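The sequence and model follow.

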Amino acid sequence: MLLSYIFFLLSWTSIAWGLSNRPSDFCFGGCELALGIFTFNSTTPDHDHRSRAQKACDNTFQIPSLYLCLRIYCTENERLRGLDAKNETCRREAGVSLPPWEIVDQYGEEDVNRLRHLMEEDIEGGREGSLSEVVVLSRGLFSRAMYYLWVVIIAIGLSSHLGQYLLTSRHHHPKWQSLPGDDEEGDTMEEPSMKWKRSIFDKPYVLIKRYVTVPATFGYKRSQNVGWCTIPTRVQSLAIGAFVGINIVLCSCSYRVFANNIYWPRVSDQILRYFADRTGIISTANLPLIWAFGIRNNTLLWLTGWDFATYNNFHRWVARVSTLEAVLHSLAYTVMIVAGEGSVKEAWTYYLTYYQQKYFVNGVLATILMVAILVASVYPLRRNFYEIFLWLHIVLSIFVIITMYYHVEIFCGYTNYIWPCVFIWVFDRAVRFLRIISFNLKFWNTKAVTTYGSRTNIVRMVVPYSSSFLKPRPGTFYYIYTLNSWTFWENHPFTLAYSTPELSDSSPSNSPSSSLSLGTISPPRRAASPIHANFNLTTASTPTSAIHIPESAALLTHSQETTTPSSSLTFIIRPYNGFTSRLRISAIHRPATQRVLIEGPYGETQPFHRYENVLFVVGGTGIAVPLSYLSVLLNGEARTRRVGVVWAVREVEFLEEVLGKDFSGRGGEGNVEAEVEVRLTAYITRRGGEDKDDEGEGMGVGVGQEISMGMGRRVKVLRGRPNVFDEVENAALEAGDESLAVVACGPGMMADDARRAVVEMLGRGYGRIEYFEESFNW
C-alpha cells in the first residue's frame, strides 16, 4: 500500500503545485518519492563528500531499487518518460548521467522475491537509519481481495453443480439412509436390505443440503418478504456474509500511523487519509462486480447452476457495500479537509475551494448518485413500480460511471475499474439483441396471438417460432416486448408453458424421437386425450357434493388444431397492473394479434429426468413449470416413474381450461405414458361463481376422489389450500429409497413451506430428496 498512498499523494500535490497531471508522471514520481523517504548508503569512495543531487543519480543501492520499482509497477512509456526527465535533471544539476537500465537485468523473479520488501512500518525509521541494500517497494492487494473471494465462491458453485450432476447420474442403487443422531430410530424402522452402499461423498452431501444449501438463513422465511426485503438462502447468506466481512476487515486493518509524519504530522489526519483512500479504492474495485452480477447474459449462471435471483442478490449486496464505502470515503475526506481550519466559517470556505477541481466535484456527484440508486431500489418500489425503478436504475447508473471516470482519471490505473463496467454493459446489450434476431431475423415482424378469458382471468399468448435458431427448452423463460404499444421498450419475463414444434404432413411415429431429448419440448399429443378442450367441472355448493365430468367430452377437432400455429410457444399469464394489464385490455373482447419482440430463452433446464419421482408444488400460473417438463419426463428416455403435481388455483374455470387444453395433451406416446404415473391434485382456493348444473349425462366424482383420465393420469380436485408439508412428506414416503425432486413455483409462503418440508425430510433420513425453486425475483 505504500506505493498506492504515494500515487494519491502525488495526484493531490500536482494539482496544488500546478504540475502536469498526466498518469505517466504519477507512477515514476510515486517510486521516486517513496524511495526518497529512505537514506541509502553507497559503495562510492567519496560518498560522504558528494552532493545530494549526485547521490540521487548514481547511488549503487537507490538507483537499482528505483529501476526495479519502475519495472514492477510502471509501463514502458511511464518508465521511459520518467527516466528521460530524471536523466536530464542529473546532467544539469549534478553533472552525471543515470546508470544504464541493464544494471537490473541480473535480477530475475526469484532474485526480486529474495530482496527486502519495504512496508509502511519501515517509514518511521526511514530517515533515522540507512539502507545498504537494493530494496523493493511493497504494494497492497486490498482492491483485488474481493475478486479472490468471488473466484472462490464461484469455484464452490461450479464444483457443487458438477458434483450434483455426478451424484445424480451414478448407476448404483442407493437406499434409504439415516443421518447422525437418527441411527437409533432408523435401526428400528428400516430393514437391513434397505441400507445402501454409501459413497464417501453421500453423507457429507446430505449434511450440506440439510444445513447449508437448502434451508432459509434464519428459521422459515426465504421467498416471503420480511419488511422491505427478502432473506437469501443460507448458502447465499454465507457467501454474502463472507464478502461483507472481508470488506470490513480490509477497510479496518493495517493502518501504520506514527508521529512526525512529513506529510500529515497529526496521527488523526493519517488515519482519516488512509481510511479514505482504502474505502475509495475498494468501493471502486467493487464496481465491475456490481455490473457483472446484474446482467441477464451472465455466463456464471450456467457455470454454477445458480439462478438469476441468486446473482441478483449478490448484485444488490455488492452494490450496498460499495455505496457504503463510497459514503465513508467522502465523509473521511470531508472531515480531514475541514478539521483544524479554525472557525466553522473558515473551514467551510476552505472546503468550498475544493469544488473548483473537477475530480472532487465528480466524486461528490458519484457518491450522491450511488446513494440515490440505493434508495430507489427498495423492495416496495421494485415490486409495485418496476418500470420507474428500472429507468432510474439505468439512468443513474450511467451517470455513476461517467462521474466515477472523471473522479479517478487523474489517479494511475483506477480507470481500469471503470472500463470493465462499460464493456460488460455493452456486451449484455449486444447479446440481448442477438437473442432477439436469433428468434426471428425479421424481428419487427414477429406476430403473437393474445387471448383473454374473463372467467379464468388468464391471458394466453401464442408466438410462432419456426424461424428461431434457438429451440425452446423446458423451464426457461423469455422477455416479451410489444411493439404495438407506445411503451415498446418495456419488457418482462414469462415462463414458457410449452411449445408445439412443427410437424410433418405424415402421421407421427410411435417411436420416441431424438427431438424429444432433454432440451426440446415435444408437441402435445392431443389425439390421445379423452378430454375435450371445453372440459367442464361442475361443482356444487357444499364440499361433500360431487364434481361432474361430461360424458360428451370428445377429442379435439381438426379445426381446433389448426387455430394454433404449427410451431409455436404458449405463455400463460396472470394479468395484474402495467404490462400484463395492457395485454388483457388488448384481448378483452376478441383475440388480438400484435407485433412482439421475443428475447430468450433464458434460464436452465433442470435434470428432473434423472429422478424416479418428481413432485411439483405450484400456484396459479406456476402450472406452466410442470407443463413444460411433462414432455421430457414422459418421453420414454427419462428415469421418472411417478410425477405429482400439487396445484393451488383460484378459479375452477382455469382448472377446466388447463385440463382440457394443456394437461391432457402433454407428453409422449400412450404406451410410454402408461408406465409413468401422473397425478394432479388441484386445490380450488376460490369459487368461480354460482354453481352450475351439468345438462348432459355425467359421471359424478366425489370431492377428494380421483378422476382417471387414461394413460396413467389421474386428477383429484379439492377445495381449500394445500398442506404443502403433508404433500412433500407423502411424496417422500412413497418414494422410499428412490430419488425425489421437489419443485416449487408459486407464492412465497408455498415455496417456503416446500423448502421447510424438504429440510425436515432430509433430517428424517431421506437423503435422495432434492429441492428446486422456479422463481424470478427482481
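Cys 31 and Cys 69 are both buried, where buried means under 20% relative accessible area, exposed over 50% and partly exposed in between (1.4 Å probe, protein chains only). The model is predicted, so local features need pLDDT of at least 70 and side-chain atom pairs count only at pLDDT 80 or more, while totals for chains, interfaces and linings use all residues. Residues are numbered from 1 along each chain as its sequence is written, and side-chain values use heavy atoms, with hydrogens and water left out.

A disulfide is a covalent bond between the sulfur atoms of two cysteines. Here it is assigned to a pair of cysteine sulfur atoms within 2.5 Å, and by this rule the count comes to two.

| Disulfide | S to S distance |
|---|---|
| Cys 31 to Cys 69 | 2.0 Å |
| Cys 57 to Cys 90 | 2.0 Å |

The torsion about the S-S bond of Cys 31 and Cys 69 is about -75°, so this disulfide is left-handed. The pair links distant parts of the chain, 38 residues apart: Cys 31 sits in helix 2 (residues 23-36) and Cys 69 in helix 4 (residues 62-73). Helices (H or I, at least four residues) and strands (E, at least two) are DSSP runs, numbered from the N terminus.

The link of Cys 57 and Cys 90 is also left-handed, with -90° about its S-S bond. Cys 57 belongs to helix 3 (residues 52-58) and Cys 90 to helix 5 (residues 76-93), so the pair ties together parts that are 33 residues apart in sequence. Cys 57 counts as buried at 4% relative accessibility, and Cys 90 is buried with a relative accessible area of 1%.

Cys 251 is in no disulfide, and the nearest cysteine sulfur, that of Cys 253, is 8.8 Å away. Cys 251 is buried, with a relative accessible area of 8%. Cys 745 counts as buried at 13% relative accessibility.

Six of them form a closed barrel in the order 5-6-10-8-7-11, with antiparallel pairing. The twist averages 45° from one strand to the next. Two strands pair if DSSP finds at least two bridges between them. Strand 5 (residues 447-453) pairs with strand 6 (residues 458-464) in the antiparallel sense over five bridges. Val 449 has Val 462, in strand 6, as its bridge partner.

Helix 21 (residues 624-633) lies across strand 8 (491-500) and strand 10 (568-573), and runs at about 40° to strand 8. Contact means heavy atoms within 4.5 Å. Axes are lines fitted to C-alpha atoms, for helices over the stretch in contact, and angles run from 0 to 180 degrees between N-to-C directions.
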